[in-house]
Amino acid sequence: MKRILLSILGVLAVAMALLTPAFAQSKGKVYYLVPTLLDEFQTGSVSALETFLKQVGYELQTLNADNKTDVQQSQMNDVIALKPAAIILAAVDFNALQPSIEAAMGAGIPVVEFDRQITSTKSAFTSVAGTIEIGHIAADEAEKLLTAKNGSPKGKVLQILGDPGDPYTLDIQKGFEEKMAAFPDVKIISLPAMQWEASNAGTIAADQLVANPDIDLIFSHAAHLSVAVVAALEAAGKQPGDIMLMSSNGAPVGLDLIRKGWLNVEVEQPLYAQAAAVAAFMDKIVAKAEIKPGEYDIIGLNGVVTDEAWGPNIKLPGAAIDKSNVDDPKFWGNLKPPTDTVKSIE
Amino acid sequence: MTPRTRRILEFVLDNLVWFMLLVVLAAFSAFVPNYFQPGIFANIIEASSVLGVMSIGLALVIIAGHMDLSVESVAALSAMAVGIVFCTSGIGLGVTFTPEWLAVPVSLVLSLAVGAAVGLFNGILIVKVKMNAFIVTLASYIWVRGIVLAVSGGASAQGLAPVIRWFAIQRLLGLPLTAWIAIACFVVFSFIMAKTKFGRHLVMIGGNQNATYRAGIKVDRILITAFALAGGIAALAGWLLAIRTSGATANLGTGLLFNAFAAVVIGGVSLKGGLGALPGVYAGALLLSSINTAINLMGLPPTSTQVIHGLLVLAAVLLDTFKQTLRQRLA
């Protein structure tokens, strides 16, 4: 019995010895608190951050909050106790995480805001396309589509939001509607697909097509909602192009729908560039060094760093994807990560 | 009270949910713009097909005196299984058969097998290992959804094979075939509950499990069958959901569990077990779908819809409670 126990301890000791050199080579462990893994953008962000951070020498550990604010708050508390090199946070609830961010920063752990901009407190770094900006781009495209169809920006738009408790979708709505307010002849009907669930979007589209058969454009706040909308259109006997469709986030399903002729425009969030920016600045973030405002080339995209009240903020431009550029490998929806290695910014 | 009045009152109470449905439809038709249209009514029936089928399985288990919280996750797993095998885009493998129509029975068998397996697992733990149904099925609700997430990696499968999507597009008397499948399920299972030994025994078990056992009825076997059926029927709901949305996402079906419970309770099934009939459950599903459609057409601010939805469902459940009270007074 004693021999068996000693053998097991010996094996464990060897295993630990084999593991520790791997940790010793890494510059440190970074924790990524992702809001949900039920969304392709978020799952894509995990692999993108893992890849790019590894290229600059950091190890990434991801925790999923399953869209629950209290879970993410607990995760922040637990991670603070582990004293990582940095925390990357994509907040479930922008305001509710403020105390947790302040606790981490107060404990000397830099917090990086990823994709979801928190302006109520200071963070070490923020990497966003900007949800309100996504709404603005969508509004620009809606204006173009309506003008092309009706001769001027006029008509009826069905806007299908995500879960109305999610600040992310409310920001896109805000950006979209504040720009569309310039066109009084455009009527916008806004309805939420509860819990971002696709069949809810399909039901909304089916009902609105009967109640408002003169809808010109359907704008869904996520590409996977557009899939269910297309299914509803198909079931109602519509063909690709009968009703204009637009969605935002740039997921692979959206690009597929463009290729099939259903979707006119997909407003992309530059996932790879957002993740690469975090990796490129991670050395400075961990060292708490100054991040100078200016323009930076982030895997071919022009990222603009500004000093904001909430700390250094890099904004990377979203893009409107249509049939003319749908196969461009730079769009994350084509699932072709950049081949160039991300380098730390000196 | 005259015998005739009593008979009328009992008829109304027995079918109260159908009368509620008529009143609600009339009210919405009068006050919600664009509601009173054949297309909207067809949408209501079509939209209730997934919820209705899911509610059948849940009702069977509740009538038997237990509960099954896993039905929503089982539907999601079934939808994802069909999506992964038969979708052509995203994470779909685009499996085809020669002849093409074989994809329909194969996808159905795959769905049902997945659901029945989970249901059987639940049933064995609850009946043989004597674990609490609430805990076991709550755990299943979590781990089955976890499997959906794990196998999909959070990604979607879309572009379901046209031969399977055909059921959502082809219409009969203005309704898609998916709606007719749901109606057929209600007819079949209502017959099973009312006219077969299995159905009668299920009600008896829900009323008094010990007495049923002492009467020599194989309680364990019937209960395990009920859980397996609930899983299989939830999987059928998932199959219909995949057809409806032409694919599957990791969060597909989220929120259906609450609505399934509401449909079952509004439909007159007692949560204590031993009481209830499936036609009422279908009316409950239609009622919830009518409320959902009204909210879609009302033009409310998006942040208010959940409150209104919840209050309307509460009103429907309160009416059912009022019915129970009236029934007791009549008795």
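Predicted model: local features only at pLDDT ≥ 70, side-chain atom pairs only at ≥ 80, totals over all residues.
Q: What share of chain A is called buried?
A: The label needs 20 or more other C-beta atoms within 10 Å of a residue's own. Buried residues make up 54% of the 346 in chain A.

Q: How do you know which contacts in chain A join residues at least 24 apart in sequence, and what is their share?
A: A contact needs C-beta atoms within 7 Å. Taking contacts between residues at least 6 apart in sequence, 71% join residues at least 24 apart.

Q: Which stretches make up the two domains of chain A, and how far apart do their centres lie?
A: The domain assignment gives domain 1 as 23-129 + 270-317, and domain 2 as 132-268. Their C-alpha centres lie 30 Å apart. Across the boundary, seven residues of domain 1 are in contact with eight residues of domain 2. On the domain 1 side, the touching residues are four nonpolar, no polar and three charged.

Q: Why are E7 and E14 of chain A said to stand at the edges of their sheet?
A: The sheet is open, with six strands in the order E7-E6-E8-E9-E10-E14 and mixed pairing. E7 and E14 (319-321) each have a single partner strand, so one side of each is left without a neighbour in the sheet. Neighbouring strands here are turned by 20° against each other on average, direction ignored.

Q: What makes E9 and E10 of chain A a pair?
A: Pairing takes at least two bridges. E9 (244-249) and E10 (265-268) are joined by four bridges, and therefore count as a pair; they run parallel. In this pairing, A:Ser247 stands opposite A:Glu266 in E10(A). H8(A) packs on the sheet, touching E6, E8, E9 and E10, with its direction at about 155° to that of E9(A).

Q: Why do E2 and E11 of chain A count as edge strands of the other sheet?
A: That open sheet has eight strands in the order E2-E1-E3-E4-E5-E13-E12-E11, with mixed pairing. E2 (59-64) and E11 (294-298) each have a single partner strand, so one side of each has no neighbour in the sheet. The twist averages 20° from one strand to the next.

Q: How do you know that E11 and E12 of chain A pair, and in which sense?
A: With at least two bridges needed, the five bridges between E11(A) and E12 (301-308) qualify them, so they are a pair, in the antiparallel sense. A:Glu295 stands opposite A:Val304 in E12(A). Elsewhere, H3 (69-82) lies across E1, E2 and E3 of chain A, running at about 170° to E1(A).

Q: Which element gives the most to the side of chain A that touches chain B?
A: H7(A) does, with ten residues. In this interface, 35 residues of chain A are in contact with 36 residues of chain B. The elements giving two or more residues include H2 (40-55), E7 (186-192) and H8 (223-235) of chain A. By class, the chain A side has 20 nonpolar, nine polar and six charged residues.

Definitions and conventions
Residues numbered from 1 in each chain as written. Chains lettered and ligands numbered in written order. Buried ≥ 20, exposed ≤ 12 C-beta atoms within 10 Å, placed from the backbone. Contact = placed C-beta atoms within 7 Å. Domains from an automatic or database assignment. Nonpolar A, V, L, I, M, F, W, Y, C, P; charged D, E, K, R; others polar. Axes fitted to C-alpha atoms, helices over the stretch in contact; angles between N-to-C directions.
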